[in-house]
Amino acid sequence: MFRLDGKVALVTGGSRGIGRACCEVLAAQGATVIVNYVKGETAAREVAAGIESHGGVAEISGFDVADSKAVDTAIEAITKKHGRVDVLVANAGISIDGLLLRVRDEDLDALWATNVRGAIACARAASRGMMRAKWGRIVFMSSVVADMGNAGQTAYAATKSALLGAAKSIAREYASRNITANVVAPGYIDTDMTAAMTPQQKEYVMKAVPLGRTGSPRDIAAACAYLASDEAGYVTGQEIRVNGGMQM
(Lines give C-alpha, C1' and ligand atoms only; values in the text may rest on other atoms or scores of the structure.)
Protein backbone atom coordinates (compact mmCIF):
# COMPACT_ATOMS: atom_id res chain seq x y z
CA MET A 1 0.00 0.00 0.00
CA PHE A 2 0.84 3.68 -0.43
CA ARG A 3 3.19 2.92 -3.31
CA LEU A 4 4.37 5.88 -5.38
CA ASP A 5 6.09 4.10 -8.25
CA GLY A 6 6.45 6.34 -11.29
CA LYS A 7 5.55 9.48 -9.35
CA VAL A 8 7.72 12.58 -9.07
CA ALA A 9 7.71 14.20 -5.63
CA LEU A 10 9.11 17.62 -4.73
CA VAL A 11 9.82 18.22 -1.05
CA THR A 12 10.70 21.78 -0.13
CA GLY A 13 13.06 22.18 2.79
CA GLY A 14 14.07 18.59 2.19
CA SER A 15 17.65 18.68 3.43
CA ARG A 16 16.97 18.17 7.14
CA GLY A 17 14.44 17.32 9.82
CA ILE A 18 10.89 16.57 8.73
CA GLY A 19 11.70 17.40 5.11
CA ARG A 20 14.53 14.90 5.02
CA ALA A 21 12.32 12.17 6.48
CA CYS A 22 9.66 12.94 3.87
CA CYS A 23 12.23 12.60 1.09
CA GLU A 24 13.44 9.26 2.43
CA VAL A 25 9.98 7.80 3.00
CA LEU A 26 8.56 8.93 -0.35
CA ALA A 27 11.61 7.51 -2.13
CA ALA A 28 11.22 4.22 -0.25
CA GLN A 29 7.68 4.07 -1.63
CA GLY A 30 9.03 4.33 -5.17
CA ALA A 31 8.84 8.04 -5.97
CA THR A 32 11.54 9.98 -7.75
CA VAL A 33 12.29 12.61 -5.12
CA ILE A 34 13.45 16.17 -5.69
CA VAL A 35 15.20 17.44 -2.57
CA ASN A 36 14.84 21.20 -2.31
CA TYR A 37 17.20 23.31 -0.22
CA VAL A 38 18.15 26.97 0.17
CA LYS A 39 21.55 26.99 1.86
CA GLY A 40 22.17 23.38 2.83
CA GLU A 41 23.44 22.01 -0.47
CA THR A 42 25.84 19.61 1.24
CA ALA A 43 23.06 18.24 3.43
CA ALA A 44 20.73 17.95 0.42
CA ARG A 45 23.35 15.98 -1.48
CA GLU A 46 23.73 13.68 1.52
CA VAL A 47 19.98 13.05 1.54
CA ALA A 48 19.95 12.27 -2.17
CA ALA A 49 23.01 10.03 -1.88
CA GLY A 50 21.44 8.16 1.02
CA ILE A 51 18.29 7.55 -0.98
CA GLU A 52 20.26 6.29 -3.96
CA SER A 53 22.35 4.00 -1.75
CA HIS A 54 19.11 2.25 -0.82
CA GLY A 55 18.07 1.85 -4.44
CA GLY A 56 15.93 4.97 -4.70
CA VAL A 57 16.03 7.86 -7.15
CA ALA A 58 16.69 11.41 -5.99
CA GLU A 59 18.17 14.69 -7.09
CA ILE A 60 18.58 18.12 -5.55
CA SER A 61 17.13 21.48 -6.51
CA GLY A 62 18.28 24.68 -4.84
CA PHE A 63 15.82 27.58 -4.68
CA ASP A 64 14.23 29.84 -2.10
CA VAL A 65 10.47 29.33 -1.88
CA ALA A 66 10.13 32.96 -0.80
CA ASP A 67 11.29 33.96 -4.30
CA SER A 68 8.31 33.29 -6.57
CA LYS A 69 10.33 33.70 -9.77
CA ALA A 70 12.89 31.18 -8.52
CA VAL A 71 10.06 28.79 -7.67
CA ASP A 72 8.58 29.06 -11.16
CA THR A 73 11.97 28.60 -12.83
CA ALA A 74 12.91 25.58 -10.71
CA ILE A 75 9.59 23.77 -11.06
CA GLU A 76 9.53 24.49 -14.78
CA ALA A 77 12.97 22.85 -15.05
CA ILE A 78 11.83 19.85 -13.00
CA THR A 79 8.74 19.51 -15.18
CA LYS A 80 10.78 19.75 -18.36
CA LYS A 81 13.08 16.97 -17.18
CA HIS A 82 10.56 14.63 -15.56
CA GLY A 83 7.33 15.57 -17.31
CA ARG A 84 5.53 16.84 -14.24
CA VAL A 85 5.50 17.13 -10.46
CA ASP A 86 2.95 14.63 -9.13
CA VAL A 87 3.43 15.25 -5.42
CA LEU A 88 4.31 18.48 -3.65
CA VAL A 89 5.17 18.45 0.04
CA ALA A 90 5.44 22.14 0.90
CA ASN A 91 7.52 21.69 4.02
CA ALA A 92 9.92 24.66 3.90
CA GLY A 93 9.28 27.03 6.76
CA ILE A 94 10.86 29.32 9.31
CA SER A 95 10.03 30.19 12.89
CA ILE A 96 10.54 33.59 14.49
CA ASP A 97 9.16 33.61 18.02
CA GLY A 98 8.44 36.53 20.28
CA LEU A 99 5.72 38.09 22.38
CA LEU A 100 3.22 40.13 20.38
CA LEU A 101 4.50 43.51 21.59
CA ARG A 102 7.99 42.60 20.35
CA VAL A 103 7.03 41.28 16.91
CA ARG A 104 8.62 43.42 14.22
CA ASP A 105 7.19 44.13 10.78
CA GLU A 106 10.23 42.54 9.18
CA ASP A 107 9.55 39.36 11.16
CA LEU A 108 5.99 39.30 9.88
CA ASP A 109 7.19 39.81 6.32
CA ALA A 110 9.80 37.06 6.54
CA LEU A 111 7.39 34.55 8.07
CA TRP A 112 4.70 35.29 5.51
CA ALA A 113 7.11 35.16 2.57
CA THR A 114 8.38 31.68 3.37
CA ASN A 115 5.60 29.95 5.26
CA VAL A 116 2.59 31.16 3.28
CA ARG A 117 3.51 32.87 0.03
CA GLY A 118 6.24 30.31 -0.58
CA ALA A 119 3.93 27.35 -0.06
CA ILE A 120 1.24 28.83 -2.29
CA ALA A 121 3.78 29.75 -4.99
CA CYS A 122 5.02 26.15 -5.05
CA ALA A 123 1.47 24.82 -5.24
CA ARG A 124 0.64 27.23 -8.06
CA ALA A 125 3.67 26.22 -10.09
CA ALA A 126 3.33 22.48 -9.47
CA SER A 127 -0.39 22.45 -10.16
CA ARG A 128 0.10 23.32 -13.83
CA GLY A 129 1.52 19.90 -14.61
CA MET A 130 -0.93 18.23 -12.24
CA MET A 131 -3.85 19.74 -14.14
CA ARG A 132 -2.55 18.40 -17.45
CA ALA A 133 -2.04 14.95 -15.91
CA LYS A 134 -5.39 15.11 -14.08
CA TRP A 135 -3.68 13.76 -10.97
CA GLY A 136 -1.86 15.48 -8.16
CA ARG A 137 -1.20 15.63 -4.45
CA ILE A 138 -0.46 18.84 -2.56
CA VAL A 139 0.51 18.60 1.11
CA PHE A 140 1.13 21.67 3.24
CA MET A 141 3.08 21.44 6.49
CA SER A 142 1.29 23.30 9.26
CA SER A 143 1.74 22.99 13.04
CA VAL A 144 -0.14 22.10 16.19
CA VAL A 145 0.02 25.78 17.15
CA ALA A 146 -2.26 26.60 14.22
CA ASP A 147 -5.06 24.83 16.10
CA MET A 148 -4.29 25.52 19.74
CA GLY A 149 -2.17 28.67 19.70
CA ASN A 150 0.90 29.30 21.82
CA ALA A 151 2.13 32.31 23.75
CA GLY A 152 5.07 33.90 21.98
CA GLN A 153 4.15 32.47 18.59
CA THR A 154 1.37 34.73 17.36
CA ALA A 155 3.00 35.51 14.03
CA TYR A 156 4.20 31.95 13.39
CA ALA A 157 0.83 30.46 14.32
CA ALA A 158 -0.92 32.89 11.99
CA THR A 159 1.14 31.71 9.03
CA LYS A 160 0.52 28.05 9.82
CA SER A 161 -3.21 28.71 10.22
CA ALA A 162 -3.26 30.37 6.81
CA LEU A 163 -2.21 27.09 5.20
CA LEU A 164 -5.41 25.43 6.40
CA GLY A 165 -7.54 27.91 4.48
CA ALA A 166 -5.28 27.67 1.45
CA ALA A 167 -5.50 23.88 1.33
CA LYS A 168 -9.28 23.84 1.65
CA SER A 169 -9.65 26.39 -1.13
CA ILE A 170 -7.23 24.55 -3.42
CA ALA A 171 -9.07 21.31 -2.67
CA ARG A 172 -12.33 22.80 -3.94
CA GLU A 173 -10.71 24.53 -6.90
CA TYR A 174 -8.89 21.47 -8.25
CA ALA A 175 -11.15 18.59 -7.21
CA SER A 176 -12.49 18.15 -10.74
CA ARG A 177 -8.92 17.52 -11.94
CA ASN A 178 -8.29 14.76 -9.38
CA ILE A 179 -5.88 16.96 -7.45
CA THR A 180 -6.08 16.80 -3.67
CA ALA A 181 -4.80 19.33 -1.17
CA ASN A 182 -4.33 18.52 2.49
CA VAL A 183 -2.44 19.66 5.58
CA VAL A 184 -0.28 17.77 8.05
CA ALA A 185 0.01 19.44 11.45
CA PRO A 186 2.96 18.13 13.49
CA GLY A 187 3.05 18.39 17.25
CA TYR A 188 6.19 18.20 19.37
CA ILE A 189 8.63 16.55 16.96
CA ASP A 190 12.29 15.80 17.62
CA THR A 191 13.97 18.26 15.21
CA ASP A 192 16.59 21.01 15.24
CA MET A 193 13.83 23.50 16.04
CA THR A 194 12.71 21.71 19.20
CA ALA A 195 16.30 20.90 20.16
CA ALA A 196 16.79 24.60 20.82
CA MET A 197 14.21 24.54 23.60
CA THR A 198 15.33 24.70 27.22
CA PRO A 199 14.86 21.65 29.49
CA GLN A 200 12.12 23.56 31.31
CA GLN A 201 10.28 24.27 28.06
CA LYS A 202 10.54 20.64 26.99
CA GLU A 203 9.23 19.42 30.34
CA TYR A 204 6.28 21.80 30.11
CA VAL A 205 5.40 20.65 26.60
CA MET A 206 5.74 16.96 27.41
CA LYS A 207 3.12 17.27 30.16
CA ALA A 208 0.62 18.18 27.43
CA VAL A 209 1.34 15.09 25.29
CA PRO A 210 -0.83 12.12 26.34
CA LEU A 211 1.46 9.61 24.61
CA GLY A 212 4.28 10.89 26.81
CA ARG A 213 6.96 11.15 24.14
CA THR A 214 8.17 13.31 21.33
CA GLY A 215 7.30 12.39 17.77
CA SER A 216 9.88 11.58 15.14
CA PRO A 217 10.19 13.17 11.68
CA ARG A 218 9.22 9.80 10.23
CA ASP A 219 5.89 9.97 12.05
CA ILE A 220 5.15 13.06 9.97
CA ALA A 221 6.61 11.57 6.79
CA ALA A 222 4.30 8.57 7.12
CA ALA A 223 1.26 10.85 7.08
CA CYS A 224 2.62 12.63 4.02
CA ALA A 225 3.23 9.32 2.23
CA TYR A 226 -0.38 8.33 2.86
CA LEU A 227 -1.74 11.63 1.55
CA ALA A 228 0.48 11.32 -1.54
CA SER A 229 -0.81 7.87 -2.40
CA ASP A 230 -3.70 6.56 -4.47
CA GLU A 231 -5.22 5.22 -1.26
CA ALA A 232 -5.82 8.82 -0.13
CA GLY A 233 -7.58 9.76 -3.37
CA TYR A 234 -10.83 10.48 -1.51
CA VAL A 235 -9.16 12.63 1.14
CA THR A 236 -8.96 16.34 0.34
CA GLY A 237 -9.27 19.61 2.21
CA GLN A 238 -8.37 17.83 5.45
CA GLU A 239 -5.92 18.33 8.29
CA ILE A 240 -4.10 15.31 9.73
CA ARG A 241 -2.86 16.06 13.22
CA VAL A 242 0.23 14.08 14.17
CA ASN A 243 0.81 15.25 17.72
CA GLY A 244 0.55 12.38 20.20
CA GLY A 245 -2.76 13.72 21.44
CA MET A 246 -1.35 17.13 22.33
CA GLN A 247 -4.33 18.71 20.58
CA MET A 248 -7.54 16.80 19.89
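**Entry 1: the sheet**

I started with strand β6 (residues 179–186), which pairs with β7 in the parallel sense over 4 bridges. Two strands count as a pair if DSSP finds at least two bridges between them. Helices (H or I, at least four residues) and strands (E, at least two) are DSSP runs, numbered from the N terminus. I then looked up Val183 and found that its bridge partner in β7 is Glu239.

A note to myself before going on: this is a predicted model, in which local features need pLDDT of at least 70 and side-chain atom pairs count only at pLDDT 80 or more, while totals for chains, interfaces and linings use all residues. Residues are numbered from 1 along each chain as its sequence is written, and side-chain values use heavy atoms, with hydrogens and water left out.

Which order do the strands take in the sheet? I read off β3-β2-β1-β4-β5-β6-β7, an open sheet of 7 strands with parallel pairing. β3 (57–62) and β7 (239–242) stand at the edges with a single partner strand each, so one side of each has no neighbour in the sheet. From one strand to the next, the twist averages 20°.

**Entry 2: α1 and its two partners**

Next I followed helix α1 (residues 17–28) to helix α9 (residues 217–228): they pack at an angle of about 50°, with their axes 8 Å apart. Axes are lines fitted to C-alpha atoms, for helices over the stretch in contact, and angles run from 0 to 180 degrees between N-to-C directions. Angles under 35 degrees count as roughly parallel, over 145 as roughly antiparallel, 65 to 115 as roughly perpendicular and the rest as oblique, and α1 is therefore oblique to α9. Contact means heavy atoms within 4.5 Å, and the residues making it include Ile18, Ala21 and Val25 of α1 and Ile220, Ala221 and Cys224 of α9. By class, I get 11 nonpolar, 1 polar and 2 charged residues in this contact. Here Ala, Val, Leu, Ile, Met, Phe, Trp, Tyr, Cys and Pro count as nonpolar, Asp, Glu, Lys and Arg as charged, and the others, Gly among them, as polar.

With helix α2 (residues 41–53), α1 crosses at roughly 20°, and the axes come within 10 Å. α1 and α2 are therefore roughly parallel to each other. Arg20, Cys23, Glu24 and Ala27 of α1 meet Glu46, Val47 and Ile51 of α2. That contact divides into 4 nonpolar, no polar and 3 charged residues.

**Entry 3: α4 and α6**

How far apart are the axes of helix α4 (residues 105–133) and helix α6 (residues 154–174)? I noted 9 Å, at an angle of about 20°. The crossing of α4 and α6 is right-handed. Among the contact residues are Trp112 of α4 and Tyr156 of α6, and the classes come to 15 nonpolar, 3 polar and 1 charged.

**Entry 4: the aromatic pair**

Last, I found 1 aromatic pair in the structure. The ring centres of Phe2 and Tyr226 are 5.4 Å apart and the planes stand at 75°, so the pair is edge-to-face. Rings of Phe, Tyr and Trp (its six-membered ring) pair if their centres lie within 6.5 Å; planes under 30 degrees apart count as stacked, over 60 as edge-to-face and the rest as tilted. Phe2 lies in the segment before β1 (8–11) and Tyr226 in helix α9, so the pair ties together parts that are 224 residues apart in sequence.

Methods:
Left-handed = near helix turned anticlockwise from the far one by under 90°.
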